[in-house]
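Take a look at the fold below before reading on. The paragraphs after it go from the overall layout to single residues.

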Amino acid sequence: MPHRSTNGADGQGELTVPMAWLYAEYIADELLRTGDLMPPTSFEYRAGRDALALTIFLSDVDRELSRIRVVSQLENWLSLTAYDRAWEEWVRARMAALRAEARASGGADADLDLARAAWRWLEETELLAPDLDAALLEGGGREEEGPQVWTPAWQLGLPLGHLAIHLF
């Protein structure tokens, strides 16, 4: 159940605090910080945090995220972020299902709003990444950085999140 405050600004004196999303983001942040894979101020780190937070939030089908033990979910999150999974399609399907639930209940869902904003950023933001296909075709990397390509942020963030779970 969402936590409520009577000091809000929704016209009825209530403010919904998106605790499920904030908790998912906190778990993702802790996993990434523990792995020490990227500086926390980088766009790559944000992509990893948002992709991992989306995975954590959307995999909570029973809406019991605050009651779970993180260690009990690591295998599930590893499987959802695996390279051979259709993560992007899974995210779209889960977001659509949650939107339908929110519409059916007749209310706004602050957690879902933040998840949608994170997904929009991951889809619309492109980051410069190593072009692994070109490097393989050329027979290896160049002396400096090698070939690079602009790619959606989620395509960088997802493997980063997956690796952070492994390192945890």
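What follows is a walk through the chain, its helix contacts and a few individual residues.

The model is predicted. Start with the inventory. The protein chain holds seven helices and four strands. Along the sequence they come in the pattern β-β-α-α-α-α-α-β-α-β-α. The chain has 168 residues, and buried residues make up 39% of them. Now consider contacts between residues at least 6 apart in sequence. Of these, 68% join residues at least 24 apart.

Next, helix packing. Two packed helices are described by the angle between their axes and the distance between the axes. Take helix 1 (19–35) and helix 7 (153–167). Their axes come within 8 Å and cross at roughly 70°. An angle from 65 to 115 degrees counts as roughly perpendicular, so helix 1 is roughly perpendicular to helix 7. Helix 1 brings Leu31, Leu32 and Gly35 to the contact. Helix 7 answers with Leu160, Gly161, Ala164, Ile165 and Leu167. By class, this contact of helix 1 with helix 7 has six nonpolar residues, two polar ones and no charged ones.

Helix 1 also meets helix 3 (residues 70–80). Here the axes come within 13 Å and cross at roughly 80°. Helix 1 and helix 3 are therefore roughly perpendicular to each other. The residues that meet are Tyr23, Ile27 and Leu31 in helix 1 and Val70, Leu74 and Trp77 in helix 3. They divide into six nonpolar, no polar and no charged. An α-helix has 3.6 residues a turn, so residues three or four places apart point the same way. Keep that in mind for Tyr23, Ile27 and Leu31, the helix 1 side of this contact. Leu31 also takes part in the contact with helix 7.

Where does helix 1 lead? The loop between helix 1 and helix 2 contains aspartate 36. Most residues other than glycine have a negative phi. Aspartate 36 is not a glycine, yet has a positive phi of about 50°. Is aspartate 36 buried or exposed? With a relative accessible area of 64%, aspartate 36 is exposed, because the cut-off for exposed is over 50%.

Helix 2 (43–58) gives a contrasting case. Alanine 51 sits in helix 2. At 0% relative accessibility, alanine 51 counts as buried. What does alanine 51 touch? Leaving out residues up to four places away in sequence, the partners of alanine 51 are Trp87, Leu122, Gly157 and Leu158. The C-alpha atom of alanine 51 is separated by 8.9 Å from that of threonine 81, 30 residues apart along the chain.

Move on to helix 5. How does aspartate 109 relate to the N-terminal end of helix 5? Aspartate 109 caps that end, with a side-chain oxygen 3.1 Å from the backbone nitrogen of aspartate 111. Aspartate 109 is buried, at a relative accessible area of 15%. Beyond its neighbours up to four places away in sequence, aspartate 109 touches Arg63 and Ala102.

Helix 5 itself passes a simple geometry check. At 1.5 Å a residue, its 15 residues should span 21 Å, and its end C-alpha atoms are 21 Å apart, which agrees. Its buried residues are Asp111, Leu112, Ala115, Ala118, Trp119, Trp121 and Leu122. What covers them includes helix 1, helix 2, helix 4, strand 4 (148–152) and helix 7.

Strand 4 is the place of threonine 151. Threonine 151 is buried, with a relative accessible area of 9%. Its contacts, apart from neighbours within four places in sequence, are Thr125, Glu126, Leu127, Ala129 and Leu156.

Helix 7 ends the tour. For helix 7, too, 15 residues at 1.5 Å a residue should span 21 Å, and the end C-alpha atoms are 21 Å apart, which agrees.

Technical notes. Residues numbered from 1 in each chain as written. Heavy atoms only, no water. Buried < 20%, exposed > 50% of the residue type's maximum accessible area, 1.4 Å probe, protein only. Contact = heavy atoms within 4.5 Å. Helix = DSSP H or I, 4+ residues; strand = E, 2+ residues; numbered from the N terminus. Expected span 1.5 Å × (residues − 1). Polar contact = N/O pair within 3.5 Å; in protein donor to acceptor, adjacent residues only side chain to side chain. Axes fitted to C-alpha atoms, helices over the stretch in contact; angles between N-to-C directions. Parallel < 35°, antiparallel > 145°, perpendicular 65-115°, else oblique. Nonpolar A, V, L, I, M, F, W, Y, C, P; charged D, E, K, R; others polar.
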